[in-house]
Amino acid sequence: MLGARRSFSRLAAAVRTPVDVPRMPAFDHVPLPYDGPSAVEIARKRAEFLSPSLFHFYSKPLNIVEGKKQYLYDEHGRRYLDAFAGIATVCCGHTHPEIIDAITAQANRLQHSTVLYLNHAIADFAEALAAKMPGDLKVVFFTNSGTEANELAMMMARLYTGSHDIISLRNSYHGNASGTMGATAQKNWKFNVVQSGVHHAVNPDPYRGAFGSDGEKYARDVKEIIDFGTTGHVAGFISEAIQGVGGIVEVAPGYLPLAYDAVRKAGGLCIADEVQAGFARVGSHFWGFETHDVIPDIVTMAKGIGNGIPLGAVVTTPEIAQVLTRRSYFNTFGGNPLCTAGGLAVLKVLDRERLQENAFIVGAYLKDRLRGLQEKHQSLCMHLTPIIGDVRGTGFMLGVELVTDRQLKTPAKDEICQAMEHMKDMGVLVGKGGFYGNVFRITPPLCFTKEDADFFVDVMDIALSKL
């Protein structure tokens with residue numbers, strides 16, 4: 001009875017919506033029947049058996065049971081437009097057949113051995129990944145997550161330079177282990193444990209920063225940290241080109257070249273954290289750092305690298321890579337055949353389906369529509385609250401910051417939660433972030449279409465109008 005009650009036909013999968021709700025784009029997919037536990041039962045088990053630190057969106061958390069391309073389905077077969085992609089992770093779309101086939105084929109042959117033996121999967125993927133990198137960045141170390149990748153990168157910088165001090169940016173997020181927690185600069189994500197040797201520079205935030213978009217003025221703080229907070233020598237500088245967890249904050253133009261120059265003159269290495277911005281998400285380039293015309297010494301990546309499988313990587317030069325030969329460095333699961341086969345398939349899909357080009361074209365279209373929405377909601381004659389303070393980002397890494405006062409930039413923390421509930425009810429899932437939790441994080445799968453963009457903005461318009 002349970003299976004019959006939860007099975008659905010095409011008619012059941014096409015959920016009825018009120019007349020005033022925009023119509024979701026047509027999509028030729030019927031979700032499989034679901035006869036598993038309900039959201040209520042899963043929530044009960046989660047509360048009893050999983051960490052109490054886990055949190056969820058929405059007053060009634062969704063039980064997501066299936067995904068296809070840019071859409072997700074709940075236990076009742078209702079379809080949702082996914083504008084979050086598992087936190088900027090599912091770059092090629094949910095359950096992409098080529099990636100699934102590559103993972104399945106490798107699992108049927110060999111799921112795991114060890115890097116102590118040879119296997120072509122890790123070597124093939126490393127070669128393909130190195131081909132995507134500029135300059136002499138061609139030696140790859142595989143990890144299981146972005147946190148692991150950033151931990152390794154920071155350790156390598158300290159070993160290579162013989163210095164300990166790392167500079168990161170305020171408002172940044174680089175992971176939740178001891179070293180990366182030190183580099184992270186938001187109290188929301190930091191525990192009271194030893195976090196030594198990290199200095200946090202003024203964030204070059206064009207919207208909330210003291211110097212607006214003047215990258216040169218922000219970069220002076222890096223030089224002053226080196227002069228007044230260190231011995232004059234540093235191990236490195238780590239930053240994202242667009243802060244993800246920090247609220248899709250684009251680094252001010254001209255900042256990174258100047259910061260890199262100051263750090264290198266102090267003997268340090270420059271680390272680009274591409275965990276969220278990498279793998280074609282910014283559209284104009286494959287990597288976020290390329291939008292600033294810089295070449296890092298070390299690049300870290302995760303999330304989009306595997307389209308949802310646990311995989312991360314550090315890429316550096318042959319010279320810097322040598323530092324790990326001083327002792328034994330080993331990662332049991334890093335670069336296992338299953339994950340690297342999937343990673344190679346991701347690169348092939350990105351290229352063949354021209355998803356970077358789609359992120360560039362549709363992302364620009366979506367940003368323009370969001371700016372139009374901002375203008376609409378600041379027009380008093382429309383009787384709408386001017387709640388959109390800023391629209392920013394590039395490609396499919398976009399942010400919309402909500403404020404209750406556009407002059408004071410007062411964070412609209414409660415209002416964004418209400419808007420997310422309204423959007424969910426109309427069939428759109430989106431993330432939020434920023435230090436105040438008042439920024440929509442719009443990071444959909446790169447197969448997102450213009451029709452999806454129109455539906456997304458129309459739904460957001462209605463949601464904000466209800467506040």
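## A walk through the model, starting at a ring

Lys450 lies over the face of Tyr365, 5.2 Å from the ring centre. A charge counts as sitting over a ring if NZ of Lys or CZ of Arg is within 6 Å of the ring centre and within 35 degrees of the ring normal. Arg79 does something along those lines too: its charged end sits over the ring of Tyr71, at 4.6 Å from the centre.

A word on what you're looking at. This is a predicted model, where local features need pLDDT of at least 70 and side-chain atom pairs count only at pLDDT 80 or more, while totals for chains, interfaces and linings use all residues. Residues are numbered from 1 along each chain as its sequence is written, and side-chain values use heavy atoms, with hydrogens and water left out.

Back to the rings. How many aromatic pairs does a search of the whole structure find? There are 15. Rings of Phe, Tyr and Trp (its six-membered ring) pair if their centres lie within 6.5 Å; planes under 30 degrees apart are stacked, over 60 edge-to-face, and the rest tilted. Take Tyr173 and Trp189: their ring centres are 5.3 Å apart and their planes stand at 70°, so this pair is edge-to-face. Tyr173 belongs to the loop between strand 5 (166-169) and helix 8 (178-183), and Trp189 to the loop between helix 8 and strand 6 (198-201), so the pair ties together parts that are 16 residues apart in sequence. Helices (H or I, at least four residues) and strands (E, at least two) are DSSP runs, numbered from the N terminus. Trp189 is partly exposed, with a relative accessible area of 35%; buried means under 20%, exposed over 50%, and partly exposed in between (1.4 Å probe, protein chains only).

Stay in that loop between strand 5 and helix 8 and you'll also find Gly175. Buried or exposed, then, is Gly175? Gly175 is buried, at 0% relative accessible area. Setting aside neighbours within four places in sequence, Gly175 is in contact with Thr147, Thr180, Met181 and Thr184, where contact means heavy atoms within 4.5 Å.

Elsewhere, ring pairs link Phe279, Phe286, Trp287 and Phe289 into a cluster. Two of these names turn up again around Leu350: not counting residues up to four places away in sequence, Leu350 touches Cys91, Cys92, Phe279, Phe286, Leu355, Gln356 and Leu446. Leu350 is found in helix 12 and is buried, with a relative accessible area of 3%. Cys92 is 258 residues away from Leu350 along the chain, yet their C-alpha atoms are separated by 6.7 Å.

Helix 12 (residues 337-352) also has a partner in helix 5 (residues 97-109): their axes come within 8 Å and cross at roughly 155°. Axes are lines fitted to C-alpha atoms, for helices over the stretch in contact, with angles running from 0 to 180 degrees between N-to-C directions. The two helices are therefore roughly antiparallel; under 35 degrees counts as roughly parallel, over 145 as roughly antiparallel, 65 to 115 as roughly perpendicular and the rest as oblique. The crossing of helix 5 and helix 12 is right-handed, that is, the near helix is turned clockwise from the far one by less than a right angle, with anticlockwise being left-handed. Among the residues making this contact are Ile99 and Ile103 of helix 5 and Leu338 and Val349 of helix 12.

Now for another pair. Helix 9 (residues 215-229) and helix 10 (residues 255-265) have axes that come within 8 Å and cross at roughly 15°, so helix 9 and helix 10 are roughly parallel to each other. Residues including Tyr218 and Val222 in helix 9 meet others in helix 10, Tyr255 and Leu258 among them.

Helix 14 (residues 413-425) and helix 15 (residues 450-465) cross at roughly 130°, with axes coming within 9 Å, and are therefore oblique to each other. Ala419, His422 and Met423 of helix 14 make the contact with Phe456, Val459, Met460, Ala463 and Leu464 of helix 15.

Ala88, in helix 4 (residues 85-88), has a phi near 55°, a positive value in a residue other than glycine, and is buried at 2% relative accessible area. Lys409 has a positive phi of about 60° although it is not a glycine. Lys409 is found in the loop between strand 14 (397-405) and strand 15 (410-411) and is partly exposed, at 24%.
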